[in-house]
Amino acid sequence: LVTFGGAGGLHICAMAERLGITRILVPRHPGVLSGWGAISADVVKEYARTLLRSGRTIRDSELHRVCSSLERDGRKAMKQEGYGGSDVQVVRSLDMRYAGQSYELNVPFTGDWSVTCSRFHDLHEKRYRHRADDREVEAVTARVRLIGKVTPPVLRRIGKGGRDIGHAVEASNDGILHVNRDALRGGNECAGPALVHESFSTTWIHRGWKARTDPWGHLRLEVTS
């Protein structure tokens with residue numbers, strides 16, 4: 001079971017026990033895990049335009065014109081994000097269906113309608129276990145996805161230590177250890193009951209659980225009884 005957020009660690013042992021789970025991961029910096037994910041995620045812009053065209057009448061030139069228009073809009077927006085030229089990955093696709101269907105499949109579009117139709121038949125068979133190569137295919141929506149790659153922040157290893165956590169214990173009240181997580185080193189172990197403090201989160205380790213700090217600073221909890 002994985003926990004995150006400022007207060008998630010306070011309830012994680014109780015939740016794991018109720019669910020019958022015997023191992024828990026409390027990631028490093030759990031209170032800002034969502035923020036860490038946000039700054040690690042690629043910048044993505046998506047644009048779409050309704051077509052509702054029969055494959056019998058549609059032309060590659062028309063599809064190219066529509067996708068190019070969407071791409072131009074997307075590149076303007078990506079430029080405002082600081083991305084331009086080869087820094088932007090562009091993915092074109094079409095929402096397609098057999099005539100009369102009320103649902104579509106998204107298929108990559110590389111510029112050739114006939115090739116895209118063939119891929120649609122293959123994908124339809126893979127998804128729904130049947131295909132109809134002689135049936136009319138419709139292009140419902142043209143889509144362009146622009147991706148600006150982000151170099152995520154690096155999570156560095158922490159220093160290595162032994163099992164003893166005496167250097168990280170701030171207090172011991174009524175048999176409950178109060179531990180400074182920022183002072184923990186890889187390999188340090190702690191048996192509950194214990195309260196592990198850090199800047200943006202707190203983890204409560206129940207009696208019968210043991211916590212070990214791995215080389216990346218994550219807390220790994222396991223049931224001992």
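A cavity is a set of grid points where a 1.4 Å probe fits but cannot get out. By this rule, the predicted model contains one cavity of 30 Å³ or more. The space in the largest cavity comes to about 50 Å³. Its lining consists of Ile 165, Val 179, Leu 184, Asn 188, Glu 189, Cys 190, Val 196, Ile 205, Ala 211, Thr 213 and Leu 219. By class, eight of the lining residues are nonpolar, two are polar and one is charged. Two strands, E8 (189–191) and E11 (209–213), each contribute at least two residues to the lining of this cavity.

The bond from Gly 192 to Pro 193 is cis, and its omega is near 5 degrees. Pro 193 belongs to the loop that connects E8 with strand E9 (194–198).Strand E9 takes part in an open sheet of four strands, ordered E6-E7-E9-E10, in which the pairing is mixed. From one strand to the next, the twist averages 15 degrees. E9 and E10 run antiparallel and are joined by five bridges. His 197 has Thr 202 in E10 as its bridge partner. Helix H1 (residues 8–19) packs on this sheet and touches E9 and E10. The direction of H1 makes about 25 degrees with that of E10.

Another open sheet has four strands in the order E2-E5-E3-E4, with antiparallel pairing. Its edge strands are E2 (43–54) and E4 (105–108), each of which pairs on one side only. Neighbouring strands of this sheet are turned against each other by 25 degrees on average, direction ignored. Strand E3 (residues 88–98) runs antiparallel to E4, and four bridges join the two strands. Among the residues involved, Asp 95 has Asn 106 in E4 as its bridge partner.

Helix H4 (residues 113–128) lies across E3, E4 and E5, and runs at about 135 degrees to E4.

Backbone phi was also examined in the loops. Most residues other than glycine have a negative phi. Arg 129, in the loop between H4 and E5, has a positive phi near 70 degrees. With a relative accessibility of 68%, Arg 129 counts as exposed, because the cut-off for that class is over 50%. His 29 also has a positive phi, near 55 degrees. This histidine lies in the loop between strand E1 (23–26) and helix H2 (33–40). The relative accessible area of His 29 is 34%, so His 29 is classed as partly exposed, between the limits of 20% and 50%.

Note on methods. Residues numbered from 1 in each chain as written. Predicted model: local features only at pLDDT ≥ 70, side-chain atom pairs only at ≥ 80, totals over all residues. Heavy atoms only, no water. 1 Å grid on protein atoms, 1.4 Å probe; cavity = no way out; pocket = protein on both sides within 12 Å on 5 of 7 lines; lining within 4 Å. Points joined across faces, edges and corners; volume = space filled by probe spheres on them. Nonpolar A, V, L, I, M, F, W, Y, C, P; charged D, E, K, R; others polar. Pairing = 2+ DSSP bridges. Axes fitted to C-alpha atoms, helices over the stretch in contact; angles between N-to-C directions. Contact = heavy atoms within 4.5 Å. Buried < 20%, exposed > 50% of the residue type's maximum accessible area, 1.4 Å probe, protein only.
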